[in-house]
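Please brief me on the structure shown below.

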Amino acid sequence: MTVVWHGLWVGVAVLGAVALAFVTGAVNRDEKVNGLWLVVAAACIYVLAYRFYGRWLARRVVELNNRHITPAVRLNDGVNFHPTNRVVLFGHHFAAIAGAGPLLGPVLAAQFGFLPGFLWLVIGAVIAGAVQDFIILVASMRRNGRSLPEIAHDELGSITGTATAVAVLFIVVVALAGLGFAVVNALYHNAWGTFTIAMTIPIGVTMGFYLQRVRPGAVGEVSAIGVLLLITAVLFGRVVAQSSYAWLFEFDRPTLVWLLAGYGFLASVLPGWMLLVPRGYLSTFMKLGVVVLLGVGVIVMAPTIEMPRVTQFAAGGGPIIPGTLFPFLFITIACGAISGFHSLVSSGTTPKMIELESQAVVGYAAMLLESFVGVMALIAASVLIPGDYLAINTTLSHDTLAAMGFAPARLTELSQLVEVDVSGRPGGAVSLAVGMASIFTALPGMTGWMAYWYQFALVFEALFILTTIDTGTRVARYLVQEMIGRHIAFFRQINWWPGVWISSGVVVGAWGYLIGTGSITTIWPMFGAANQLLGMLALCVGTTVLIKMRKSPYVWVTALPMLLVATITLSSSYKMFGMFLDQASMAGAGQALALYLDAILVAVVALLGIIVLSDSVKQWYGYVILKRPFVSSEVIVTAGSSSRGRREIVVSADDEHDTGWKLKLPSGTGCC
């Protein structure tokens, strides 16, 4: 059997290499590539990475051990800490990290050609994104579920801790604004989509109560109920949209911003099992189902990739992204390869829900799956004729695009098929929905269903985005409580209702204001740069954690991608700073003020990154080269023994969970 398994893995590697050769043009360079090769190459690389690299990280680098009692078991309060079924855990974590980034970023980055985006999505996820998510998840799990800023403060001191806390709060607000902006654009004056998305809230609450109060542990039953109700909501949405009650769900942008803010507030203050976790689990079915169906469509129909491997806009001057391929490609694909936002989920809700340490591999696996979502989004955009793709994602005239060499060809036909005028709708969501609908409609028996698939794709995108907004708002609430709690002790109690309501209101108000006053051209670049900065900060913290675990020989697994992301972040911040200043000098008084503010924010992002990086390097030199002593905030409690592990335990005295632990082993498989 060992020989058979070795042969199987060799076969997967060979198949992946052949597919990658077609994708990169090493074979048949002058011919258009088939979308099937992109799917095969990506899938083979992901499988090999999870089986070998991910397994090596879990066994050799962090040494996951199921004898260690996790915070979800020790600190179970039924609200924030609670052991969760591993299937539900994966669904929640994937749903929380997979927002608009892996959908919209690759679509916008297709302007540079499909090949640069594909390579960064796949390679970046394997060596950087998945590593960051996994290491931070383990670090938080072994520190009572503490957040990234708290870990940075404990392990690296007040300078890095304070800089990280400020950066994280800024990044979360900008990220939630960017994601919220996308969902508002997708749902305004769209009764079908708004109704379907609205129905996922009561469906999620029903699933939560059923699993928590009626049938604890009945994951299969509640999954079937949730999927059935979700399908019903999607199908009934068209009936509502064509009825006399459609006006009840046809909102303008300002109203949708308020409704979105209200949902984010509820998801932040209600117990996780009631709305956050079941709704995320529910949306995962639709996410995974659509991704799988899209993959099947690409495999069966083998669509031709119309977008060139690399376009003329790689040198700059593109109609969607004016900057050059480096570094703007890497900040445009803000989540599919590496996302600092993920580190907030990995140190937010998920580490408080892990029942057994071995389940922490969800951090590596979920990131690979998100990267695959990004690849599918890139394919969906790239099957469009380049002229049509640019006509949808810009407001340029057809003559202007034709002068660039990208004349629209089927734009009028596509608008008729989806029953919506799709021209001049920048942001990526509409072009992605059109591309997905084109692939689905090509399947046998689907002719004439393109309008349905188009609306379904928009709902699919909105589900991705909303699930990140609710989890992100809750994580941001934790951050605000921790920051205020350094001065007002009551706020450190995450279940203290006045603190919960005030902190949630501050977070929701901040990102709601940005959505209402910003645009995709100002929010998305800042989101991309800030998101990559947070990825760099997370990898800095991960490197320190490995050093303090006495794993110095393995620090390269976080240090090398950290250097890459640092180069990207600082380069993009420098170029955006100049770009915003140039635009401000030519803009009117009102718009110039906003652009100057954007330039200041970008400068702050770069400054925070430099502070954290320099302070971290100084401390690493002391620990590794000068052999200075250090303490760790890591907490390890082993079942069946009074031993707390091989490392010294140093717990902060102000941690409310430090005393009164109940070392009780879980029964069964847990529930959410």
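Helix α4 (residues 86-97) has 12 residues, and its end C-alpha atoms are 16 Å apart. That agrees with the 16 Å it should span at 1.5 Å a residue, where the expected span is 1.5 Å times one less than the number of residues. This is a predicted model: local features need pLDDT of at least 70, side-chain atom pairs count only at pLDDT 80 or more, and totals for chains, interfaces and linings use all residues. Residues are numbered from 1 along each chain as its sequence is written, and side-chain values use heavy atoms, with hydrogens and water left out.

**Helices**

- Helices are DSSP runs (H or I, at least four residues), numbered from the N terminus.
- Nine of the 12 residues of α4 are buried, so the helix is mostly covered. Buried means under 20% relative accessible area, exposed over 50%, and partly exposed in between (1.4 Å probe, protein chains only).
- The buried residues of α4 are V88, L89, G91, H92, H93, F94, A95, A96 and I97.
- Helix α13 (residues 325-332) is largely enclosed by the rest of the structure, because seven of its eight residues are buried.
- Those buried residues of α13 are L325, P327, F328, L329, F330, I331 and T332.

**Salt bridges**

- The whole structure holds nine salt bridges. Each is a side-chain nitrogen of Lys or Arg within 4 Å of a carboxyl oxygen of Asp or Glu.
- E63 and K551 form one of them, at 2.4 Å from N to O. The pair links distant parts of the chain, 488 residues apart. E63 sits in the loop between α2 (35-61) and α3 (71-74), while K551 sits in the loop between α22 (520-548) and α23 (556-586).
- E63 is partly exposed, with a relative accessible area of 31%. K551 is buried, at 9%.
- E634 and R142 meet at 3.7 Å, N to O, in another salt bridge. This pair also joins distant parts of the chain, 492 residues apart. E634 lies in the segment after α24 (589-625), and R142 in the loop between α6 (114-141) and α7 (148-156).
- E634 is buried, with a relative accessible area of 2%. R142 is buried as well, at 2% relative accessibility.
- E150 and R146 form a salt bridge at 2.7 Å, N to O. E150 is buried at 4% relative accessible area, and R146 is buried at 10%.
- Salt bridges with shared partners join R142, E357 and E634 into one network.

**Cavities**

- How many cavities of 30 Å³ or more does a search of the whole structure find? The search finds five.
- A cavity is a set of points, on a 1 Å grid over the protein atoms alone, where a 1.4 Å probe fits but cannot get out. Points are joined across faces, edges and corners, and the volume is the space filled by probe spheres set on them.
- The second largest cavity holds about 50 Å³ of space.
- Its lining is H68, I69, T70, P71, R74, M141, R142, E357, V635 and I636, where lining residues have an atom within 4 Å of a point.
- That lining divides into five nonpolar, two polar and three charged residues. Ala, Val, Leu, Ile, Met, Phe, Trp, Tyr, Cys and Pro count as nonpolar, Asp, Glu, Lys and Arg as charged, and the others, Gly among them, as polar.

**Cysteines**

- The disulfide count is zero, with a disulfide taken as a pair of cysteine sulfur atoms within 2.5 Å.
- C44 is buried at 9% relative accessibility. C540 is buried at 0%.

Conventions:
Helices (H or I, at least four residues) and strands (E, at least two) are DSSP runs, numbered from the N terminus. On a 1 Å grid over the protein atoms alone, a cavity is a set of points where a 1.4 Å probe fits but cannot get out, and a pocket is an open set with protein on both sides within 12 Å along at least five of seven lines; lining residues have an atom within 4 Å of a point.
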